[in-house]
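Biologist: Could we go through this model together, one question at a time? I would like each answer to end on the value or name I ask for.

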Amino acid sequence: MPEWFENERFWIETYPYMFDAARFAAADEQVRKILKLAGRRRGAVLDLCCGPGRHAVALARRGFRVTGVDRTQFLLNKARQHARKSRAKVEFVHSDMRDFVRPDSFDLALSLFTSFGYFDNKDDDMMVLRNVHASLRRGGVFVMDLAGKEWLAKVFQPTNSTRHPDGSVLIHVHEIFDDWTRIRNEWILLKGDKALRFKFHHTIYSGQELKDRLHQAGFAKVNLYGDFEAHPYGPEAPRLVAVARKS
Ligand SMILES: C[S@@+](CC[C@H](N)C(=O)[O-])C[C@H]1O[C@@H](n2cnc3c(N)ncnc32)[C@H](O)[C@@H]1O
């Protein structure tokens, strides 16, 4: 049975909602804050699950050597176009995040915009963390950005919807399962008289759960924040940002 994220159609149809102009415009400022948080000014960066290359391109334009990894060809093509238009040099690699490992090669690794926890087998998440740890050089930093469980528990609503400038409506249906360890999402996209339906699920991590896993994967020091500006993590924080250092 193919897993949900292998469905190229999901990424094609949801692209205008997931990666709209505002999201692209926000990437450079996010990169500035991430670099400050990680204390990195130069070097080699791994953007794991780089999608359409928002952050990879912004980093390359700041002089970093960037490798973007993603398993969705459609999004990698978008990323290549974005790099070409921006005259940025980025290495894009087509790979599953479970398979990509390049020992002692990067000073900084990124997993941004909830690109973690996708696998039915939770051991696969650990494999990803171990691969990233192995791919970092000594002193390298891994920055992760997810929706945290504490915040989800506070704001959880089983359904909500958004209307978009092209007139389409996106209905989100959410269900928590597996003892509050996973979320199942259904997105129903109403476009004219057409309805498209996509289902996907992922593991949700609390701050402590993510911290424990990063330590288990070998990271020496892990700090948690509620955003890229180093505000504290907690139920009020819309994001769970982990900054993990390899000794
Ligand atoms: C929510 S998007 C985030 C993209 C990008 N980090 C950003 O902030 O724009 C999640 C990304 O993960 C990629 N992805 C999903 N499953 C993957 C897997 N098993 N291996 C590698 N990439 C994967 C998708 O193709 C998509 O680009």
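Biologist: Which residue just after α7 takes a positive phi?

Modeller: Please keep in mind that this is a predicted model. Helix α7 covers residues 207–216, and just after this helix the backbone takes a positive phi of about 115 degrees at one residue, namely G218.

Biologist: Where on α7 do its buried residues lie, seen down the axis of the helix?

Modeller: The buried residues of α7 are G207, L210 and L214. Seen down the helix axis, these buried residues fall within an arc of 70 degrees, so what they line is one face of the helix.

Biologist: Turning to the ligand, which residue has a side-chain N or O atom 2.5 Å from an oxygen atom of the ligand?

Modeller: The closest of the 20 residues that surround the ligand are C49, R54, D70, T72 and M97. Among these, the side chain that places an N or O atom 2.5 Å from a ligand oxygen belongs to T72.

Biologist: How much of the ligand does the protein bury?

Modeller: A nitrogen atom of the ligand lies 3.1 Å from a polar side-chain atom of D96, and a ligand nitrogen is also 3.1 Å from a backbone N or O atom of L112. Taken alone, the ligand exposes 590 Å², and the share of this area that the protein buries is 99%.

Definitions and conventions: Residues numbered from 1 in each chain as written. Predicted model: local features only at pLDDT ≥ 70, side-chain atom pairs only at ≥ 80, totals over all residues. Heavy atoms only, no water. Near = heavy atom within 4 Å. Polar contact = N/O pair within 3.5 Å; in protein donor to acceptor, adjacent residues only side chain to side chain. Areas by Shrake-Rupley, 256 points an atom, 1.4 Å probe, with all protein chains shown as cover. Buried < 20%, exposed > 50% of the residue type's maximum accessible area, 1.4 Å probe, protein only. Helix = DSSP H or I, 4+ residues; strand = E, 2+ residues; numbered from the N terminus. Arc of directions from axis to C-beta.
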